[in-house]
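The following note sets out points for a colleague who wishes to read this model with care. Please keep the sequence and the coordinates at hand while going through them.

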Amino acid sequence: MKLLMTSIFLFVFASTITAQDWKKYKSEELAFVTEFPGTPEESVQKVQTAVGELDMNMVGYTSVETGDNAYYSVISSDYPEEKFSDISDEKIKSILDGAVNGAVKNTNGTLEFDENITLNGYPGRKIMIKSSGMELYMNAYLVGNVMYITQVIALEGKVNTKNLNKFMDAFDLINKKE
């Protein structure tokens, strides 16, 4: 009986050590809410694009405690509004194709899957790329003139599917619902 109680205690104790304390993250300025497996860091980078220099707002968290050695991030970039005044479905597809192709090129990877998705009526793409011992899972959404990208990067074969799905499913828009 003592061995059974000790085993139960160790199991409960070990479970609490490895339990993930997900943190809700909300940005009124960037108009999204999500959850991270820890406290994320924020940064802004200037990037050159076909439409000029854009601010790439990044919120990311590196997870090592969970054993998945993953990087979880949300990226938001505003395109010039004048380029989106009368945007066609063809143009939207072209912009999302550009996001997918850019991710494949930047990682020097292979596109493993690519499907059309939506979030609150906004068009998007769900992809997975394999490259040099890593896997990149990405959802990209075009919301008016704003591109949102949620991504998880993990060592190949090491992604925690439960955490991946929790992160991707937690992302939502604020004040941008159709």
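1. Contact here means heavy atoms within 4.5 Å. On that basis, and leaving aside residues up to four places away in sequence, Phe 32 touches Tyr 25, Lys 26, Ser 27, Val 59, Val 74, Tyr 148, Phe 171, Asp 172, Leu 173 and Ile 174.

2. Basis of the model. The model is predicted: local features need pLDDT of at least 70, and side-chain atom pairs count only at pLDDT 80 or more, while totals for chains, interfaces and linings use all residues. Residues are numbered from 1 along each chain as its sequence is written, and side-chain values use heavy atoms, with hydrogens and water left out.

3. Confidence. The pLDDT (the predictor's confidence in each residue, from 0 to 100) averages 85 over the protein, and 84% of the residues score at least 70. Where pLDDT is low, the predicted coordinates should not be read in detail.

4. Secondary structure. The protein contains 3 helices and 10 strands; these are DSSP runs numbered from the N terminus, with helices (H or I) of at least four residues and strands (E) of at least two. Along the sequence the pattern is α-β-β-β-β-β-α-β-β-β-β-α-β.

5. Seven strands form an open sheet in the order 3-4-5-9-8-7-6, with antiparallel pairing; two strands pair if DSSP finds at least two bridges between them. Strand 3 (41-49) and strand 6 (110-119) are the edge strands, each pairing on one side only. On average, neighbouring strands of the sheet are turned by 20 degrees against each other, direction ignored; axes are lines fitted to C-alpha atoms, for helices over the stretch in contact, and angles run from 0 to 180 degrees between N-to-C directions.

6. Strand 6 and the helices. Strand 6 and strand 7 (residues 122-131) pair in the antiparallel sense over 9 bridges, and Glu 115 stands opposite Lys 126 in strand 7. Helix 2 (residues 89-107) packs on the sheet, touching strand 6, strand 7, strand 8 (134-143) and strand 9 (146-155), and its direction makes about 15 degrees with that of strand 7. Helix 3 (residues 161-170) also packs on the sheet, touching strand 5 (70-78), strand 8 and strand 9, and its direction makes about 170 degrees with that of strand 9.

7. Nonpolar cores. A nonpolar core is a set of buried Ala, Val, Leu, Ile, Met, Phe, Trp, Tyr and Cys residues joined through side-chain atoms within 4.5 Å. In the largest, which has 28 residues, Phe 32, Phe 36, Tyr 148, Val 152, Phe 167 and Phe 171 touch the most other members. Strand 9 gives this core its largest share, 4 residues. A second, separate core of 22 residues includes Val 100, Ile 129, Met 134 and Met 147.

8. Buried residues (under 20% relative accessible area; exposed over 50%, partly exposed in between; 1.4 Å probe, protein chains only) make up 43% of the 178 residues. Is Ala 31 buried or exposed? Ala 31 is buried, with a relative accessible area of 8%; its place is in the loop between strand 1 (23-27) and strand 2 (32-36), and its phi is near 65 degrees, a positive value in a residue other than glycine. Asn 108, found in the loop between helix 2 and strand 6, has a phi near 55 degrees, a positive value in a residue other than glycine, and is exposed, with a relative accessible area of 68%.
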